[in-house]
Amino acid sequence: MKTRWKNVLLLGALAGACAANAHDLEVEKRVNGETSTTVSTYPATLVFSYTVTNVHPSLPSTLLTVADPLFASRGFRFTPAPPVDIPVGGSLTYQFTYTLDSFEDCLALAGEDDDPSTPGETPGFTHAFRVAFQEGASEARARVVCEQPPLTCDDTLYISTGVPTSLNVFDPVAGTLTPLFTADIQYHAIGFNPADGYIYGLTTPNRLLRMGSDGVPADLGAIAGLPTSRYDAGTFLADGSYLVHNGATDEYARIDVDARTTLASGVVDSPATLSMSDLAVNPLDGRVYAFNQDTDRLTVFDPVTATHADFGPAAPVNASGAVSTGFLTGPAFFDQAGRFYLYGTDLDASPGGPRNTLYQVDLTTSTFTRVVGGPPVGVVDGASCALGEARVTQVSGFFKVHLDVARDCLAGGAIDLGVVGTARTLEDMMGALWDSPTLGPDGFPLAPASSLNMRLATELLTATCNERLFGPTPRGMAALEAGHAALATSMAETARRDILTELTAFNASGAKRALPLAFDLGKGPATPLRAMQLGQE
């Protein structure tokens, strides 16, 4: 079975025996011990079990042939091979383990689907396990549901652009767009749902789309009760509903994405004095913010009362000190710390230019602070996971080469590393991070216990900085307590190695998440050569 959309593979297991006559043998096929399973993270291990049971009331039955064409081509062999005698009431179970390396691997299996009952709109594979015996044949089908891997809920900024639509990641330091996927359709009103880790959007006419980490839009179908309109702005509210808005007509709607139903819809009050290109939810107060281009002021929209309220002075102010009434906005974002960002026209350029500049906007003073210039974009919308919690950590290599970050960590006080010493200065810290864990200052190999101490000290220092800079967590505090004990008391080597493993795992647990946006923007560049030199002084 092949589909145009190959975004969401619906997997599971159908078990049963088909026969017009009485059977000597019945079969069952399961996946991961269940009748169905859903996979959304990769690589994923699938364990298929095939059970053949003799159901004859008084005689043994002979299994003559077995077959599973899908996995035969992938190396699976039934052992013991037929023919096999199965006694009365007895059964025989075969097992095969297969690893789905990626979502694309699942798509490849879907392309080989042999189940004629599987509708084309529902990609998946339901290959049959077939057996033959003296009285006839029997079969069972395994159906597995593969979903797109979700996105990571952190301070990553997503921008959709163009016709057809491309979903991109925006780098707020370099000012670049990195495409995830360009669809063959146009969609609008993207919003990041922190409940499931997917970005949602709408086509015209309004069908609900969902994008995972590959950026490929999965068509989830029509939305019951949604008025026909071109909703071009979207965000997810604190209650989990999906808010969409039409900037031209000021129509809005709230949607339950799980049920694909409309919760509320209408027109915002005073549409003649309201023009919002995009909107975003502040994680600190749960309210919806936007820039009102009709009044050149920030505004708050209440989706319950369908009203909006401008606040603060007119903005933004250009280089001459006057309000730039020609400022055009595009995407709006909040980061998880509650800082507001707009991507719009360059205040230092002529009015009416392209939207190509990211600004941080102060919600108290309405001050626009330029963050970075970027590519010009059109037919654009934005999304971020402001309502989530990043739980960022970094590994030791990060602190080795970011001197500003290391200084910030040391600002919290000296770091006790037990028998290895105390890191009081930047030089102490760089020494602990850069010194070899296997060689001493004289170049000779360290004793195993001393080498283990050095590794523990590196990870303990790193964990201390993670807790100080990115916020304490129960796991982090427990790892620190164990690390200090391992470097301060007599303890069995196996226990110390277990603590090293946990410290290392904690430091890596959030290392793939985007750094908090303000943190990322405020720190200097990584300078490995300078850091190494400083550690050796």
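Predicted model: local features only at pLDDT ≥ 70, side-chain atom pairs only at ≥ 80, totals over all residues.
**Ground rules.** I number residues from 1 along each chain as its sequence is written.

I looked up an open sheet of 4 strands and found the order S17-S18-S19-S20 with antiparallel pairing; strands here are DSSP runs of E with at least two residues, numbered from the N terminus, and two strands pair if DSSP finds at least two bridges between them. S17 and strand S20 (261–267) are the edge strands, each pairing on one side only. Neighbouring strands of this sheet are turned by 15° against each other on average, direction ignored, where the axes are lines fitted to C-alpha atoms and angles run from 0 to 180 degrees between N-to-C directions. I also noted that strands of a sheet pair through backbone hydrogen bonds, either parallel or antiparallel.

On one side, 4 bridges join S18 to the antiparallel strand S17 (residues 233–236), and Gly 234 stands opposite Val 244. The hairpin of S17 and S18 has 5 residues between the strands, and Gly 240 takes a positive phi near 95° there.

S18 is also joined by 4 bridges to strand S19 (residues 251–256), again antiparallel; in S19, Arg 254 is the bridge partner of Leu 243, and Ile 255 that of Tyr 242. In this second hairpin, with 5 residues between the strands, Asp 250 has a positive phi near 60°.

Is Ala 44 buried or exposed? Ala 44 lies in strand S3 (residues 44–54), and it counts as buried because its relative accessibility is 10%. Leaving aside neighbours within four places in sequence, I found Ala 44 in contact (heavy atoms within 4.5 Å) with Val 39, Tyr 98, Thr 99 and Leu 100. Tyr 98 is 54 residues from Ala 44 along the chain, yet their C-alpha atoms are separated by 8.4 Å.

Ala 337 sits in the loop between strand S25 (329–334) and strand S26 (340–345), and it counts as partly exposed because its relative accessibility is 42%. Ala 337 and Ala 386 are 49 residues apart in sequence and 7.8 Å apart in space, C-alpha to C-alpha.

Notes:
Heavy atoms only, no water. Buried < 20%, exposed > 50% of the residue type's maximum accessible area, 1.4 Å probe, protein only.
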